[in-house]
Amino acid sequence: MVDVRGCIYELVYAVMEKGDKSDVCFHRIAAREKMDSVTTAAFKRESYGTIERIVLLDAMIRRFADRPVRRMDPDVRTLLRMGFYELEFMDAIPYYASCDSIAGMADTPGKTGYINAVMRGYVREQEEPPLVDPWERLDPNEKYCIPRDLWAVLSNSYGKKTTVKMAMTFLERSGEVTLHLDPNKTDLDSYMKLLDEQGIVSKEPGRYLPNNVIINGSPEIDTLPGYDEGLFYVQDEGSQLPVLVAGIEPGQSIVDVCGAPGGKSIHALMCLNGTGVVSIRDVNERKLSRIRENISRMRYVNAEVKMRDGRKTDRSWHEKADVVLCDVPCSGYGIIGRKPELRFRSPIDVNDLVEIQRQIVEASVPMLKPGGVLIYSTCTLNPKENDENAAWIESELGLVPESLNEFLPDSLINRQTFLGRLQVLPGIQQMDGFFVARFRKA
């Protein structure tokens with residue numbers, strides 16, 4: 001019998017107290033415990049749910065605790081966050097059962113008593129509600145589970161209403177998976193029939209781009225039909241935009257300077273359909289191994305994978321690339337719905353990221369052929385990393401912006417895309433947050 005609460009504690013503690021990545025921890029624990037699909041779904045829902053709502057949970061805990069949450073012992077803080085998530089969001093569990101079970105996970109009687117007392121404060125309030133609704137006293141960022149500094153950046157950039165829509169979407173999309181079908185191996189109708197045969201009902205075609213299937217319910221990817229045959233690659237529609245607007249044609253030479261985990265490179269290989277070459281780089285050998293595994297599963301051989309720092313020009317590729325993909329390291333705010341811990345990355349750290357992003361683009365330009373296309377992209381919502389960098393590329397590197405309109409569906413075309421840029425916002429568009437800009441080398 002799997003101790004699901006123990007697994008939730010392990011994941012939440014590792015992510016919030018040690019800085020580990022939620023997806024890595026989730027897959028490691030689920031594999032170790034040999035969880036079935038039902039248990040895996042519950043584990044992910046409750047552990048990710050706790051992490052993504054920590055701003056709200058901490059605000060709730062503060063009302064009943066005699067010390068600031070940040071000054072509590074890490075294990076006490078983690079258990080209280082789990083406990084308040086159960087009390088507020090899991091109606092099927094009786095209040096006092098949550099109090100006793102969560103408190104019982106503490107390693108000393110003193111901690112057990114303290115956790116129980118704080119949680120029972122919440123229970124008493126539910127039994128005798130105060131005259132003033134506590135939710136009315138919450139700040140907007142607390143209601144929508146976004147740290148205060150990030151809320152300020154987003155609301156100043158996009159307005160409060162749009163920020164609320166984005167924050168709500170972050171809480172709603174975590175169970176959704178997009179399969180990018182390889183058009184060289186299958187088509188939408190054929191693959192939908194395979195899913196029907198396997199009894200997968202909760203599915204729909206992609207909302208913006210062709211060759212996509214969206215499945216709800218956090219399916220086990222490697223059990224889906226066609227996984228071993230490379231019929232699909234898991235990739236959100238937002239992440240497909242850089243290669244889409246690159247206009248890659250058979251026979252071209254492509255460089256993906258920050259290639260892990262390989263999604264954009266695989267998309268480029270689909271466009272080449274066995275011709276040309278994709279040169280994929282990253283600075284981490286573990287990530288490179290993952291790229292090789294993904295490309296092998298997708299059955300493509302016209303790719304080279306090598307360890308390189310994107311901030312340094314590869315002189316062996318001087319003016320050889322038709323397209324350079326610069327999907328640079330970023331703050332990741334656009335994919336908070338999939339990696340909830342990214343909401344805790346401080347916007348103050350963005351200035352260092354911007355410098356790295358610009359170094360990568362500057363080192364990439366010499367690899368472009370005259371007339372070649374450079375695609376700059378991020379999965380963030382921060383204008384400093386997006387529009388401001390695009391303006392810098394044009395003014396400082398001399399690349400010429402080009403309209404994206406001929407590559408995009410009508411639903412994504414706007415005044416900005418005519419100028420060569422597109423910012424996708426979760427809650428406004430039904431995909432992850434993404435930014436992409438297209439440039440041509442004179």
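**Entry 1**

I looked up F26 and found a relative accessibility of 7%, so F26 counts as buried, the cut-off being under 20%. The model I am reading is a predicted one. I then checked F43, which has 0% relative accessibility and therefore also counts as buried.

The structure holds twelve aromatic pairs. F26 and F43 form one of these, and I noted it as stacked, with 5.5 Å centre to centre and 25 degrees between the planes. The pair links distant parts of the chain: F26 sits in helix α2, F43 in helix α3 (residues 37–52), and 17 residues separate them.

**Entry 2: Y95 and Y122**

I went on to another aromatic pair, Y95 with Y122, which is edge-to-face, at 6.0 Å centre to centre and 90 degrees between the planes. Y95 belongs to helix α6 (residues 95–103) and Y122 to helix α7 (residues 109–127), so this pair ties together parts that are 27 residues apart in sequence.

Y122 is at 2% and counts as buried. I also noted that ring pairs link Y95 and Y122 with F64 and F84 into a cluster.

**Entry 3: α5 against α7**

Two members of that cluster, F84 and Y122, turned up again in a helix contact. Helix α5 (residues 74–89) packs with α7 at an angle of about 30 degrees, and their axes are 10 Å apart. Angles under 35 degrees count as roughly parallel, so I wrote down α5 and α7 as roughly parallel to each other. The crossing of α5 past α7 is right-handed.

I listed the residues that make the contact. From α5 they are D75, V76, L79, L80, G83, F84, L87 and E88, and from α7 they are K111, Y114, I115, V118, M119, Y122 and V123. Sorted by class, the contact has eleven nonpolar residues, one polar and three charged.

**Entry 4: α1 against α2**

I returned to α2, the helix that holds F26. How do the axes of helix α1 and helix α2 cross? The axes of α1 (residues 4–18) and α2 (residues 22–33) come within 10 Å and cross at roughly 155 degrees.

On the α1 side I found C7, E10, L11, A14 and V15 in the contact; on the α2 side, S22, C25, F26, R28, I29, R32 and E33. By class, the residues of this contact divide into seven nonpolar, one polar and four charged.

**Entry 5: backbone notes**

I looked next at the backbone. K34 has a positive phi of about 50 degrees although it is not a glycine. K34 lies in the loop between α2 and α3, and at 73% relative accessibility it counts as exposed.

Where is R299 found? I placed R299 in the loop between α14 (285–297) and β7 (303–307). Its phi is near 65 degrees, a positive value in a residue other than glycine. R299 has a relative accessible area of 53% and is exposed.

My last item was a cis peptide bond, which joins A260 and P261 with omega about 0 degrees. P261 has its place in the loop between β5 (253–256) and α13 (263–272).

Terms used
Residues are numbered from 1 along each chain as its sequence is written. This is a predicted model: local features need pLDDT of at least 70, side-chain atom pairs count only at pLDDT 80 or more; totals for chains, interfaces and linings use all residues. Side-chain values use heavy atoms; hydrogens and water are left out. Axes are lines fitted to C-alpha atoms, for helices over the stretch in contact, and angles run from 0 to 180 degrees between N-to-C directions. Helices (H or I, at least four residues) and strands (E, at least two) are DSSP runs, numbered from the N terminus. Contact means heavy atoms within 4.5 Å. Ala, Val, Leu, Ile, Met, Phe, Trp, Tyr, Cys and Pro count as nonpolar, Asp, Glu, Lys and Arg as charged, and the others, Gly among them, as polar. Rings of Phe, Tyr and Trp (its six-membered ring) pair if their centres lie within 6.5 Å; planes under 30 degrees apart count as stacked, over 60 as edge-to-face and the rest as tilted. Buried means under 20% relative accessible area, exposed over 50%, partly exposed in between (1.4 Å probe, protein chains only). Angles under 35 degrees count as roughly parallel, over 145 as roughly antiparallel, 65 to 115 as roughly perpendicular and the rest as oblique. A crossing is left-handed if the near helix is turned anticlockwise from the far one by less than a right angle, and right-handed if clockwise.
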